[in-house]
Structure formats: C-alpha cells, structure tokens
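Visitor: I would like to learn how to read side-chain features in a model. Please take me through them one at a time.

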Amino acid sequence: MKEESLWYIFINASLVNNFVLAYFLGICPFLGVSNKVSTSIGMSGAVLFVMTIATTVTYLLHEYILVPTGLNYLRTITFILVIAALVQMVEIILKKVSPPLYQALGVFLPLITTNCAVLGVAILALGLENSTLVKAVFFAISNSIGFALALIVFASIREQLELADIPERMKGVPINLLVAGLLSLAFLGFTALV
C-alpha cells in the first residue's frame, strides 16, 4: 500500500478495497447474517470491536515479540490463536461487566472467531507503508466500517427482495449471489476516488 494520509487509508479500506466485496474475506457472515438489517448492525458492531482490539494486540505482539525474537514465520498461527483468545476473553468480560451488551453482541462474538476478515486485517495492517500502531488501528477501523457498510446495504437489499416477484429458481442463494456480485461492481466505481 502506498504511503498516504489517514484519509487515503479510510477511503481505500472502506470503499475501494472493501474486504468483503474486493477480497472476498468475511463472506460467511456476509451471506449468513445479512437476512435482516438489525442483525447486520449487531454483527457490524461486534466486528468493529473485535477487529480493532485484535489488530492492536497482534500488531504489538508482532513488533515487540515476534520480530525481535526472529519468529516471524509463526505470525499466522499466532494471530489465529490471539484472535480466538481475544474473542473468548471479550465474551467472558462482557458477560460479567455488561450483561445487556453481552446479550446484544453475544450471538455474534462466536461467529467472529471464524471470520477470516479479522485475520486478514491483522496481517495486512503490518504491510502498510511506514506502518505504525495508529495506522494499523485506523486501517482496522476503516475496514470494519467498510464491512458494516457492505453488510447493511446487502441486508437492506435482501429485505426488499423478500417482497419482490422473483422467479422460483432464482430465489434464495442464486439471487443473493447475483446481488452480491452487482454490489461488488457498484463498489468498484469508488476506484476513481483514490
């Protein structure tokens, strides 16, 4: 990624190179949790929370433990373990500290453990030009906003499709994949912004 401002990182991560629509990371929750806008908003909030914390912890772990000790080759497996542990810790802490928030996010937290977008952001944040912790965290926040935008737009389209007169053979998965492809093409139009 080019050395650019935080604004460039935000536009590039959330719109132009949207993880779901450009890299196809996080497709499972994108297709599985997008039946209703309300569940999409809940999943988006959980992804924002976990992605930001996971990127912060994995960045610090990489820079201050893996690189100095020469264990870079363990990056992926270490990040997977850290993300899984973080999700479990967040779930336990939320259950004790804030039961209403746990009730709101509790359903979505286990889904995030297997969301490859969280791991993808953590790894790609290290590849930013002149990478710093601030840039990595901003990159994570920008990507989670892009994930939320794609998920909520897709969920609202799916809600409208429930009311539409669609041929029987196109209902369900075929129309959802078609809409996801068209949404991906629509987001491709943001390329001119960067």
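Visitor: Is Phe 10 buried, partly exposed or exposed, and what is its relative accessible area?

Guide: Phe 10 is partly exposed, at 22% relative accessible area. Buried means under 20%, exposed over 50%, and partly exposed in between, with a 1.4 Å probe and protein chains only. Phe 138 is partly exposed too, at 25%. A word on the source: this is a predicted model, where local features need pLDDT of at least 70, side-chain atom pairs count only at pLDDT 80 or more, and totals for chains, interfaces and linings use all residues. Residues are numbered from 1 along each chain as its sequence is written, and side-chain values use heavy atoms, leaving out hydrogens and water.

Visitor: How many aromatic pairs are there?

Guide: A pair of aromatic rings is described by the distance of the centres and the angle of the planes. Rings of Phe, Tyr and Trp (its six-membered ring) pair if their centres lie within 6.5 Å; planes under 30 degrees apart are stacked, over 60 edge-to-face, the rest tilted. The count here is five. In one of them, Phe 10 and Phe 138, the centres are 6.4 Å apart and the planes at 50 degrees, so this pair is tilted. The two residues sit 128 residues apart, Phe 10 in helix α1 (residues 6-16) and Phe 138 in helix α8 (residues 133-161). Helices are DSSP runs (H or I, at least four residues), numbered from the N terminus.

Visitor: How many disulfides does the structure hold?

Guide: A disulfide is a covalent bond between the sulfur atoms of two cysteines. The cut-off is a pair of cysteine sulfur atoms within 2.5 Å. The structure holds zero. Take Cys 28: its closest cysteine sulfur, in Cys 116, is 6.7 Å away, too far for a bond. Cys 28 is exposed, at 66% relative accessible area. Cys 116 is partly exposed, at 35%.

Visitor: Which residues form the salt bridge?

Guide: Side chains of opposite charge can pair when their charged atoms come close. The rule asks for a side-chain nitrogen of Lys or Arg within 4 Å of a carboxyl oxygen of Asp or Glu. The structure holds one salt bridge. Lys 171 forms it with Glu 168, and the closest N and O atoms are 3.6 Å apart. Lys 171 is partly exposed, at 43% relative accessibility. Glu 168 is exposed, at 62%.
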